[in-house]
Amino acid sequence: MNIVGKRVAYITLGCKLNFSETSTIKHSLEQEGAVTVGEKDGADIFVINTCSVTDIAEKKGRQMIRKIIHRNPGAYIVVVGCYAQLRAQEIMDIEGVHLVLNAQDKFNVAHYLNHLEEQERHEPHSCDIFGVKTFDLAYSYGDRTRCFLKIQDGCDYFCSYCTIPFARGRSAAIQDVIKAARDVASKGIKEIILTGVNTGDFGRETGETFLDLIRTLDELEEIQRFRISSIEPNLLTDDIIRFVASSRRFMPHFHVPLQSGSNEVLHLMRRRYERELFAEKVQEIKTLIPDAFIGVDVIAGMRGETPEAFEDARQFIAGLDVSQLHVFPYSERSGTKALDIPYIVPQAEKHRRVNVLLDISEQKLHDFYTAHVGQTRPVLFEESDIAGSIGGFTDNYIRVEVPYDSSLANRIVPVELKTDIFGS
């Protein structure tokens, strides 16, 4: 079909990585003459970027695909993302889906559309992820003052609960990341968040390291702020922590997945560390950067997490000097080793454990914010006007909201922190 003038809408499910990739796909189609429109604006083509991190994520993907088809019966439907990589034929079996692209081809949407007829259904494109030899840089921008820049896309950890290693692969080179960062800066963006499936594993194929990358990025005058989106505790070296502590541009903000505070459960998960290492990393951060924000991923209700193991984990997590928990209920995934673990946490108990951890998180975030009352910290304000307010984040990731003032948009401004300006 001729996509010049075609109205294209984009739906993104899942992680920050997916948002950066959707943005790259969108800009490639715009360069071919397509026009970006909203989901409800009568699009000719829908590109749906899916997630597969949990069974619930796949279910949401199927529901979204069917909803879009139902509401837009004449539209051409393209599905990409991790769910498309893992379950290509399953998606193609949904009546109304026209094109399913794998990890290798997801950035070639424009090419496929240009070579298909108006309503032609194409065979699903799925591949062995370990055959993927290329890496496609992706970043999101547009209505943001911040940008998510994908630097890495691979993981070989094979945690017992996870299917993502089957869905993604490879990483970038430093010179390409620098080029992309400069391109981002040319669009007026002030802050870049480095993203990846396993960010700390950056450069394994090229012989470069994540520390090499952040040292090089720190020299870029064009970008004022960088953040590290997530990094495994066993890859968060003391050298990286010390570098961030002394950096001109890397913010005092870490996101470190723990997944469980029980060593017994960590072993069942096949994680590559024990909780003592995690505690050491938190202590090192807080010693060198006392005001650092530390976000932590945890999973509740993993197979094998007995009541005793959960209580052990709860006590450990409650004692950590961290700022916020991102809590996920364990989700059964076909093909994972976790299904071989005999003890199953009942659904109601899993829900209770999630709420217990969320309560801990709420208290920790409240304590972190309160500890900074009276301080003056630099805030990068975003452009959007939400209910008469403009919001942004401090260097150490405290969300603030003040009465809307268009002159603040996309500027870094010192703000005295008060309880009545804290955002959620």
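Visitor: Is Arg 377 buried or exposed?
Guide: In this predicted model, Arg 377 has a relative accessibility of 11%. The cut-off for buried is under 20%, so Arg 377 counts as buried.

Visitor: Which side chain meets Arg 377 in a salt bridge?
Guide: Side chains of opposite charge can pair when their charged atoms come close. For Arg 377 the N to O distance is 3.1 Å, and a salt bridge requires a distance within 4 Å. The partner is Asp 291.

Visitor: How many residues apart in sequence are the parts that Asp 291 and Arg 377 tie together?
Guide: The two side chains meet in a salt bridge. Asp 291 lies in the loop between α10 (275-288) and β11 (293-300), whereas Arg 377 lies in strand β13 (residues 376-381). The pair therefore ties together parts whose separation in sequence is 86 residues.

Visitor: How does Asp 291 count by relative accessibility?
Guide: The value for Asp 291 is 27%. Buried needs under 20% and exposed over 50%, so Asp 291 counts as partly exposed.

Visitor: Which helices hold Arg 62 and Glu 90?
Guide: The side chains of Arg 62 and Glu 90 meet in a salt bridge, at 3.3 Å from N to O. The parts they tie together are 28 residues apart in sequence, because Arg 62 lies in residues 55-71 and Glu 90 in residues 88-92. For Arg 62 the helix is α2, and for Glu 90 it is α4.

Visitor: Which residue forms a salt bridge with Arg 248?
Guide: The closest N and O atoms of the pair are 3.5 Å apart, and the limit for a salt bridge is within 4 Å. The partner of Arg 248 is Glu 219.

Visitor: How many salt bridges does the structure hold?
Guide: Some residues are linked in a network of salt bridges, namely Arg 146, Glu 382, Arg 399 and Glu 401. For the structure, the number of salt bridges is 27.

Visitor: At roughly what angle do the axes of α7 and α8 cross?
Guide: The two axes come within 10 Å, and their crossing angle is roughly 10°. That makes α7 roughly parallel to α8, because angles under 35 degrees count as such. The angle asked for is roughly 10°.

Visitor: Which residues in α8 meet α7?
Guide: The α7 side of the contact consists of Phe 210, Leu 211, Ile 214 and Arg 215. By class, the contact of α7 with α8 has five nonpolar, no polar and two charged residues. From α8 come Asp 239, Ile 240 and Phe 243.

Visitor: What kind of aromatic pair do Phe 226 and Phe 250 form?
Guide: The structure holds six aromatic pairs. For Phe 226 and Phe 250 the distance is 5.1 Å centre to centre, with 15° between the planes. Phe 226 lies in strand β9 and Phe 250 in the loop between α8 and β10, so the pair ties together parts 24 residues apart in sequence. Planes under 30 degrees apart count as stacked, and this pair is therefore stacked.

Visitor: What is the relative accessible area of Phe 250?
Guide: Its ring partner Phe 226 is buried, with a value of 0%. Phe 250 is buried as well, with a relative accessible area of 4%.

Notes:
Residues numbered from 1 in each chain as written. Predicted model: local features only at pLDDT ≥ 70, side-chain atom pairs only at ≥ 80, totals over all residues. Heavy atoms only, no water. Helix = DSSP H or I, 4+ residues; strand = E, 2+ residues; numbered from the N terminus. Buried < 20%, exposed > 50% of the residue type's maximum accessible area, 1.4 Å probe, protein only. Axes fitted to C-alpha atoms, helices over the stretch in contact; angles between N-to-C directions. Parallel < 35°, antiparallel > 145°, perpendicular 65-115°, else oblique. Contact = heavy atoms within 4.5 Å. Nonpolar A, V, L, I, M, F, W, Y, C, P; charged D, E, K, R; others polar. Phe/Tyr/Trp six-rings, centres within 6.5 Å; stacked < 30°, edge-to-face > 60°.
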